[in-house]
Amino acid sequence: MDQPTFAMISCAVGAESAVKESVLQDGWRLAFSRPGFVTLKHEQSKEPPRGTFIRTSSRSIGSAKASSFSNLAELLIEKLSEQFDSSPPFNQLHVWPKDRAPIGRFGFEPGPDEVSNAISAEIFPRLAKKWLTCDLPNRIAESGDRVLDLVLVEPSHWFFGWHQAGDWHTRWPGGVQPITLHQEPVSRAYYKAAESITWSGFPIRRGQTAVEIGSSPGGACGRLLELGLKVIGIDPAEMDPSIAEHPQFKHIRARAGDLPRKTFRGAKWLLVDSNVAPEKTLTTIRNIVMHRDCTLEGLLVTLKIGNYTASQKISSWEQEIDSWNPSRVRVRQLSRNKVEVCFAIEFDR
Ligand SMILES: C[S@@+](CC[C@H](N)C(=O)[O-])C[C@H]1O[C@@H](n2cnc3c(N)ncnc32)[C@H](O)[C@@H]1O
């Protein structure tokens with residue numbers, strides 16, 4: 001007889017309905033949920049679900065609600081002891097809070113915070129020898145690592161689970177890329193660009209040329225310049241002087257659709273982050289990538305959904321993108337995306 005599977009999912013606040021809709025047809029049933037956090041049950045043994053709006057997905061081990069840290073820790077250890085006998089069964093410990101607010105609202109950014117860091121520092125020594133092989137919590141996991149996940153729905157209400165790390169976003173604590181800044185970014189689009197570049201796995205190298213459509217004020221261009229690329233920013237609006245004056249940067253002050261195709265000649269990578277209706281953006285990109293001289297190998301395209309009830313638009317965008325004959329297309333709501341998704345589109349050239 002198959003054992004049932006319990007799964008726990010983190011997502012952006014507001015994306016829960018899109019997450020639920022995407023898993024129901026696979027036979028998952030809904031259990032406890034809160035904004036930014038969804039739990040599910042399947043009658044059969046199954047891999048926890050993945051999908052566009054699913055930021056993290058773990059097999060659930062259980063939950064604990066208590067007013068003291070010691071009680072919570074005991075309940076966690078009790079659950080681990082019930083379910084795992086070969087020790088230490090986990091390579092990493094990831095601890096993060098569920099999102100408190102929609103991304104960007106009141107400046108909210110997802111991922112481990114002060115409280116979850118304090119809890120991870122306290123729980124780590126209690127778990128270390130018997131349950132973990134890592135030297136510290138919230139390390140970036142290696143692909144293949146078994147990760148013990150602890151989600152703080154509240155500081156006094158914990159959900160525990162585990163997952164096996166694979167793709168980049170499954171290696172980061174809470175699915176949020178940890179970034180060490182060299183300097184304050186020009187805009188939060190810096191984080192979005194960094195995450196999309198790493199997630200895509202595109203073989204981006206120093207000296208290559210990247211173009212960004214919708215480049216002002218320049219957060220994403222800042223990341224591309226840091227990576228040693230030559231960057232062309234297309235935007236009718238002004239660039240931040242720190243980007244505009246960079247020797248490897250060229251600003252074309254125009255709307256992307258008005259430019260001749262030769263603007264993109266020799267470029268390998270295209271980022272698109274313009275606040276234009278997605279259908280219009282896709283027409284502009286189609287005209288660029290379908291041109292016979294196009295040298296682009298990878299596109300990272302941010303498209304605004306507007307609201308989560310319109311998430312079915314994504315499949316019509318996918319159909320349009322497929323008609324360009326790409327070799328691979330992936331779509332995901334990045335952890336730093338507001339109500340928008342990122343397409344990673346690859347071409348064999
Ligand atoms: C979300 S902001 C871009 C943020 C930017 N990527 C960064 O890293 O700071 C959107 C930008 O799209 C630009 N935009 C709007 N329509 C455009 C078009 N047709 N072509 C190029 N840029 C456009 C706007 O001027 C605005 O600066």
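Strand 1 pairs with strand 4 (residues 56-65) in the antiparallel sense, and four bridges connect them. Here two strands count as paired if DSSP finds at least two bridges between them, while helices (H or I, at least four residues) and strands (E, at least two) are DSSP runs numbered from the N terminus. The model is a predicted one, in which local features need pLDDT of at least 70 and side-chain atom pairs count only at pLDDT 80 or more, whereas totals for chains, interfaces and linings use all residues. Residue numbers start from 1 along each chain as its sequence is written.

Two residues lie between strand 6 and strand 7, which form a hairpin. Why is strand 7 described as largely enclosed by the rest of the structure? Six of the eight residues of strand 7 (residues 157-164) are buried, so the strand is largely enclosed. Burial is judged from C-beta atoms placed from the backbone: a residue is buried if 20 or more other C-beta atoms lie within 10 Å of its own, exposed if 12 or fewer, and partly exposed in between.

At the level of the whole chain, the domain assignment gives domain 1 (5-175) and domain 2 (189-346), with bounds that come from an automatic or database domain assignment. The centres of the two domains, taken over C-alpha atoms, are 31 Å apart. Domain 1 gives 15 residues to the contact and domain 2 gives 14 residues, where contact means that the C-beta atoms of two residues, placed from the backbone, lie within 7 Å. On the side of domain 1 that touches domain 2, helix 1 (16-24) and helix 4 (168-171) are the elements that give two or more residues.

Domain 2 is assigned from residue 189, and helix 5 covers residues 189-200. Its twelve residues reach 16 Å from first C-alpha to last, close to the 16 Å expected at 1.5 Å a residue; the expected span is 1.5 Å times one less than the number of residues. Helix 5 is mostly covered, with eleven of its twelve residues buried, among them Tyr190, Tyr191, Lys192, Glu195 and Trp199. The buried residues of helix 5 pack against helix 4, helix 6 (219-226), strand 11 (269-272), strand 12 (298-304), strand 13 (328-332) and strand 14 (340-346). Just after helix 5, Gly201 adopts a positive phi of about 70°.

Turning to the ligand, 21 residues surround the molecule, and the closest are Ala189, Gly214, Gly219, Ala220 and Arg255. A residue is taken as near a molecule or strand if its C-beta atom, placed from the backbone, lies within 6 Å of it.

Thr283 is partly exposed, because 13 other C-beta atoms lie within 10 Å. Thr283 and Lys268 are 15 residues apart along the chain, and their C-alpha atoms are separated by 19 Å.
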